[in-house]
Amino acid sequence: QDLQSEKNKSLALQKQLTDSRLAFLKQQLHPHFLFNAHHSIITLMKLGEKEKSIEMMEKLSELLRYSLREISNVEITLEKEMELLQLYLDIQKIRFEDKLHVLFDVPSDLQTALVPSMILQPIVENSIKYAVEKTSSKSIIEIKAFRQSEVLCLVVEDKVLDAKNNNTI
């Protein structure tokens, strides 16, 4: 009984450590994203793109509202994670217009799977930073979910289209 009690305590401590690490990661991500979104809105306003800047502010407000509502949840369903990611991508699509294309391949039977909240946003943010921002060509970001044995796999791929012949490079 004592051994089982110690195992339970150890598992609880490991979960607390994991939860703390995830909360710390969230705190690190929000300021970086918020700075980039804020800068994009200012740039749109300076360019006289009133409608786009308003749309981006509305999407950003919606994203912040959603993330504040979900912040206490360490894990959320894949469906909610995709909704959160879509809000983020909507902001980026305003910024990059036709240069950014996003494809989702997420089977409906995986929508109820639990994932760490905001697990995909920083990965997609890196794709935007290191693929989309670095080229003047069109870029595609693909987000896929699939099950391999009993493991949920999430994949984010970025591709840049060669402007001359529309092949990926």
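Helices (H or I, at least four residues) and strands (E, at least two) are DSSP runs, numbered from the N terminus. This is a predicted model, where local features need pLDDT of at least 70, side-chain atom pairs count only at pLDDT 80 or more, and totals for chains, interfaces and linings use all residues. Residues are numbered from 1 along each chain as its sequence is written, and side-chain values use heavy atoms, with hydrogens and water left out.

**Stop 1**

Select E97. This residue sits in the loop between α3 and β2 (100-105). Check its backbone: phi of E97 is near 50°, a positive value in a residue other than glycine. Now its surface. Buried means under 20% relative accessible area, exposed over 50%, and partly exposed in between (1.4 Å probe, protein chains only). E97 is partly exposed, because its relative accessible area is 41%.

**Stop 2**

Go to M118. The loop here runs between β3 (114-116) and α4 (121-132). Phi of M118 is near 65°, again a positive value in a residue other than glycine. Is M118 buried or exposed? M118 counts as buried, since its relative accessibility is 9%.

**Stop 3: salt bridges**

Side chains of opposite charge can pair when their charged atoms come close. A salt bridge here is a side-chain nitrogen of Lys or Arg within 4 Å of a carboxyl oxygen of Asp or Glu. How many salt bridges does this rule give? The count comes to six.

**Stop 4: K9 and E6**

Select K9 and E6. They form a salt bridge, with the closest N and O atoms 3.9 Å apart. Both residues lie in helix α1 (residues 2-46). They are three residues apart, about one turn of the helix. E6 is partly exposed, at 48% relative accessible area.

**Stop 5: D90 and K59**

Select D90 and K59. The closest N and O atoms of this salt bridge are 3.3 Å apart. The pair links distant parts of the chain, 31 residues apart: D90 is in helix α3 (residues 78-96) and K59 in helix α2 (residues 50-70). D90 counts as buried at 18% relative accessibility, whereas K59 counts as partly exposed at 22%.

**Stop 6: K159 and E142**

Finish with K159 and E142. Their salt bridge brings the closest N and O atoms to 2.6 Å. K159 lies in strand β5 (residues 151-160) and E142 in strand β4 (residues 139-148), so the pair ties together parts that are 17 residues apart in sequence. K159 counts as partly exposed, at 26% relative accessibility. E142 counts as buried, at 16%.
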